[in-house]
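Please consult the sequence and coordinates shown below alongside the notes.

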Amino acid sequence: MKITVIGCGYLGATHAACMAELGYEVLGVEVNQRKRDLLTAGKVPFYEPGLEDLLAKHVASGRLRFTDSIQDAADFADVHFVCVGTPQLPSSMGADVSYVEAAVTGLAPHLTRPAVVIGKSTVPVGTAGRMAGILADLAPVGSAAELVWNPEFLREGFAVKDTLEPDRVVLGVASARSEQVLRDFYAPILETGTPLIVTDYATAELVKVSANAFLATKISFINAVSEVCEASGADVVDLADAIGHDARIGRRFLNAGIGFGGGCLPKDIRAFVHRAGELGVEDAMTFLRQVDDINQRQRSRVAQIATAMLDGDVTRARIAVWGAAFKPDSDDVRDSPALSIAGKLHLRGAHVTVYDPQANETARAMFPTLDYAGSAIEAAQDADLLLHLTEWPEFRRVDVAAVSAVVRRPQLLDGRNLLDLEAWRSAGWTARGLGRR
Ligand code: UGA
């Protein structure tokens, strides 16, 4: 079977390479020439472990190609995946679905044979129904051009594994025919016992945003509790371990720290509240505003604690920041709490030097006025305070004595609660976490 993937950003490039791995012939449609040239050369325009090998393998085998022409896509296949982005609108908390709409309206007039168009982008509930209408109106084959909504749950850093071995497959369908096309298409994944949920468009759309909203809520819950831990002398890591043993709660996504960022969780919860408002049920979702507020407060809280550790004045202080990406195994700095904290302290007058194993360049493009170092030790040179903000494994392996030898004041704030504070303290450091003893 042949497929196309429209939009080859994070989601699309991963989907295209993974579907080629499953044995399909894939044509990726990417309008950005720089990205398209890189992908055509077998290179991934961002950092994602394992993806470049897979992409290069299938570009070399000829099973994976790229184009900028939607006409080529319509000629090539009858199964089309829409994987374009839905960023936050500049003017509101809502999601910008114009790229999804452009993909559907661009493709539809070329559909002269029965086809299935599968939306994978994260969209406000109601979008799929609207896209199905546009498709049927504009496609020369009319209602034989069908829409399926098939949300994606991949995590950055684990994108290949999450795509090839997902926790579940969700299909929002409007006909038995399109359901069968997708069941056949995903057979290699479903045969391994992956749960399949077949439902309507609205439920499929809401599954995706509800999953991200729940994860965000878990993180903000533990971060709120960490503030109480701090005020009362309790330890949030012990607490999370203890409540996490309750299978109904679970330990994952209970790591207190500087909070969540990235291109998904922050914008998805805002878009969810916004859409609930449009549907007249905003009150039901107002708690998500608090989830967002708690998350933002973590960033200010860290800046405040850092300032206190510098005796109340950050001007002229040198601050080393370990980590800029919103999470490890990624060079993504979109809405990154690490970079936001680095930026806050810089704007208050501190001299901030950042080191991230992969994200120095993406961070520099977003925040050029910070200093960037080539290693963890170089960043710590003459520092009055060291902030551990993205939990790359190399920061846990660092030789504390080597860091002690270069800093001006041995002070550490672990914004991810993952460093061995006792080891740092026994090396003479003032070391603290967030909500930790
Ligand atoms: C998230 C979801 O986890 C995926 O299931 C979803 O498919 C994806 O969004 C999406 O909508 O595309 P991702 O943005 O890659 O994936 O990152 P996560 O692993 O969810 O982490 C998000 C943020 O939460 C990171 O900044 C991370 O540091 C933070 N986090 C995570 C915590 O602060 N504490 C935790 O315990 C866990």
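H10 and H11 cross in a right-handed sense (a crossing is right-handed if the near helix is turned clockwise from the far one by less than a right angle, and left-handed if anticlockwise). This is a predicted model, in which local features need pLDDT of at least 70 and side-chain atom pairs count only at pLDDT 80 or more, while totals for chains, interfaces and linings use all residues. Residues are numbered from 1 along each chain as its sequence is written, and side-chain values use heavy atoms, with hydrogens and water left out.

**H10 with H11**
- H10 and helix H11 (residues 236–244) pack at about 130°, and their axes are 9 Å apart; axes are lines fitted to C-alpha atoms over the stretch in contact, and angles run from 0 to 180 degrees between N-to-C directions.
- The two helices H10 and H11 are therefore oblique to each other (under 35 degrees counts as roughly parallel, over 145 as roughly antiparallel, 65 to 115 as roughly perpendicular and the rest as oblique).
- On the H10 side the contact uses Phe-221, Ile-222, Val-225, Ser-226 and Cys-229, and on the H11 side Val-236, Leu-239, Ala-240 and Ile-243; contact means heavy atoms within 4.5 Å.
- The contact of H10 with H11 has 8 nonpolar residues, 1 polar and no charged (Ala, Val, Leu, Ile, Met, Phe, Trp, Tyr, Cys and Pro count as nonpolar, Asp, Glu, Lys and Arg as charged, and the others, Gly among them, as polar).
- Helices are DSSP runs of H or I with at least four residues, numbered from the N terminus.

**H10 with H12**
- Helix H10 (residues 201–232) and helix H12 (residues 265–278) have axes that come within 9 Å and cross at roughly 115°.
- H10 and H12 are therefore roughly perpendicular to each other, and their crossing is left-handed.
- From H10, the residues Leu-206, Lys-208, Val-209, Ser-210, Asn-212, Ala-213, Ala-216 and Ile-219 meet Leu-265, Asp-268, Ile-269 and Phe-272 of H12.
- By class, the residues of the contact of H10 with H12 are 8 nonpolar, 2 polar and 2 charged.

**Largest cavity**
- The whole structure holds 3 cavities of 30 Å³ or more (on a 1 Å grid over the protein atoms alone, a cavity is a set of points where a 1.4 Å probe fits but cannot get out, a pocket is an open set with protein on both sides within 12 Å along at least five of seven lines, and lining residues have an atom within 4 Å of a point).
- The largest cavity has a volume of about 50 Å³, a volume being the space filled by probe spheres set on the points, which are joined across faces, edges and corners.
- Its lining consists of Val-123, Pro-124, Val-125, Leu-206, Val-209, Ala-271, Phe-272 and Arg-275.
- H12 gives the most to the lining of the largest cavity, with 3 residues.

**Second largest pocket**
- The second largest pocket holds about 150 Å³ of space.
- Among its 13 lining residues, Ala-95, Pro-124, Thr-127, Arg-275 and Glu-278 lie nearest its centre.
- H12 gives the most to the lining of this second largest pocket, with 4 residues.
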